[in-house]
Amino acid sequence: MKSLIVLIIVIFGLSLQAQEQFLTAHFNWSPKTKTIQKEIYYFNPETNAREWSKTEIYTFYNQYLDSVIVDLGDAKEITKYNFNIDNSLVSKITDYNLSETQDKTLFFYDKKLRLTKSQEFLQGRLFSETKYSYDKQNRLIKSVCREKETGFSEITEYSNYTSDDSYTKTSYYKDAKKEANLSIEIYKNGLLVEGNYQIFDLKSRFTCEYDEKRNIVSEQKDNEAPTLYQYEYDKEGNPTKIKISNAGNPYANSEIVIKSTYSDFMSN
């Protein structure tokens, strides 16, 4: 199960909801975006020299995510996204060229096109299954992820809705005291603004700030120095460069160089 202390902050302000996010709008990219290539570099804190880390390539068709390639140099993973006629994501399949294995996630919907179940397969075997439930306003209120072999379950509850994209997300493990493993996240307009995490006596608080383009500009853990983001854009509004810096932690300093291609897609 994912650690409650580890946060994955998606640089372009990706909305973290039950259903997979796969439109250019979810990434804050131009609707004309065809491909995005991100070259991610980290800096050596001793020499301040830029070091290559990895390349990510996103391919879109008619604003929908088609594939993601992550190239680490000696290893590569390719994820394909497949949709049905209603433009609902039905499967996500990842191949690893180094280990020659394949992982996949399947998604299931009801007649209202609400995500009701997802199944995660690792190396061909069912690893976990997640079920989702909704309130009368069709807002997600609960998801339960259960590991197939161990029976271990993580429960996530959604509450305090002020709009469909503003809510509180609470996660904990089944059959355990909430104080022992608790995650409380607050979302506004689909963006994570505050997270409070606890594992036994270890507590952590995380806050985020965004600009008018919904891009993250600051993230801070407890009272540590904040990590800051600076952006440069092309004429279509996509970032061309992101500089990430932290005065108190030079190991967090990095730079992302982005190349975009565009196409006039058919409208949906």
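Buried residues are those under 20% relative accessible area, exposed residues those over 50%, and partly exposed residues those in between, for a 1.4 Å probe and protein chains only. By this criterion, 40% of the 268 residues of the protein count as buried. The structure is a predicted model, in which local features need pLDDT of at least 70, side-chain atom pairs count only at pLDDT 80 or more, and totals for chains, interfaces and linings use all residues. Residues are numbered from 1 along each chain as its sequence is written, and side-chain values use heavy atoms, with hydrogens and water left out.

**Figure 1. Secondary structure and contacts of the whole protein.** The protein comprises 0 helices and 18 strands; helices (H or I, at least four residues) and strands (E, at least two) are DSSP runs, numbered from the N terminus. A contact is defined by heavy atoms within 4.5 Å. Of the contacts in the protein with a separation of 6 or more, 28% are between residues 24 or more positions apart.

**Figure 2. The largest nonpolar core.** A nonpolar core is a set of buried Ala, Val, Leu, Ile, Met, Phe, Trp, Tyr and Cys residues joined through side-chain atoms within 4.5 Å. The largest such core has 33 residues, and Tyr58, Leu65 and Ile242 have the most contacts inside it. Strand β3 (residues 64-71) contributes the largest share of this core, 4 residues. With neighbours within four places in sequence set aside, Leu65 is in contact with Phe22, Phe27, Tyr58, Thr59, Phe60, Tyr81 and Phe83. In soluble globular proteins, nonpolar side chains tend to be buried together.

Figure 3. Rings of Phe, Tyr and Trp (its six-membered ring) pair if their centres lie within 6.5 Å; planes under 30 degrees apart count as stacked, over 60 as edge-to-face and the rest as tilted. Phe22 and Tyr64 form a stacked pair, at 5.6 Å centre to centre with 25° between the planes. This pair links distant parts of the chain, with Phe22 in the segment before β1 (33-43) and Tyr64 in strand β3, 42 residues apart. Both Phe22 and Tyr64 are buried. A stacked pair is also formed by Phe27 and Trp29, at 4.7 Å centre to centre with 10° between the planes. Phe27 counts as buried because its relative accessibility is 7%, and Trp29 is buried because its relative accessible area is 5%. Phe27, Trp29, Tyr58 and Phe60 form one aromatic cluster.

**Figure 4. Lysine side chains over aromatic rings.** A charge sits over a ring if NZ of Lys or CZ of Arg is within 6 Å of the ring centre and within 35 degrees of the ring normal. Lys104 lies over the face of Phe121, at 5.2 Å from the ring centre. Lys213 lies over the face of Tyr233, with a distance of 3.5 Å from the ring centre.

**Figure 5. Polar contacts of Arg114.** Arg114 is located in the loop between β6 (101-109) and β7 (115-122). A polar contact is a pair of N or O atoms within 3.5 Å; within protein, one must be able to donate a hydrogen and the other to accept it, and residues adjacent in sequence count only if both atoms are side-chain atoms. The side chain of Arg114 makes such a contact with the side chain of Asp110 at 2.8 Å, and another with the side chain of Asn138 at 2.9 Å.

**Figure 6. Surroundings of Thr105.** Thr105 lies in strand β6. With a relative accessibility of 14%, Thr105 counts as buried. Leaving aside neighbours within four places in sequence, Thr105 is in contact with Val90, Ser91, Lys92, Ser118, Gln119 and Glu120.

Figure 7. Ser30 is buried, at a relative accessible area of 5%. Not counting residues up to four places away in sequence, Ser30 touches Thr24, Glu236, Asn238 and Tyr262. Ser30 and Tyr262 are 232 residues apart in sequence and 8.5 Å apart in space, C-alpha to C-alpha. Phe27 and Asn238 are 211 residues apart in sequence, with a C-alpha to C-alpha distance of 9.8 Å.

Figure 8. The structure holds 0 disulfides, a disulfide being a pair of cysteine sulfur atoms within 2.5 Å. Cys145 counts as buried at 18% relative accessibility, and Cys208 counts as buried at 7%.
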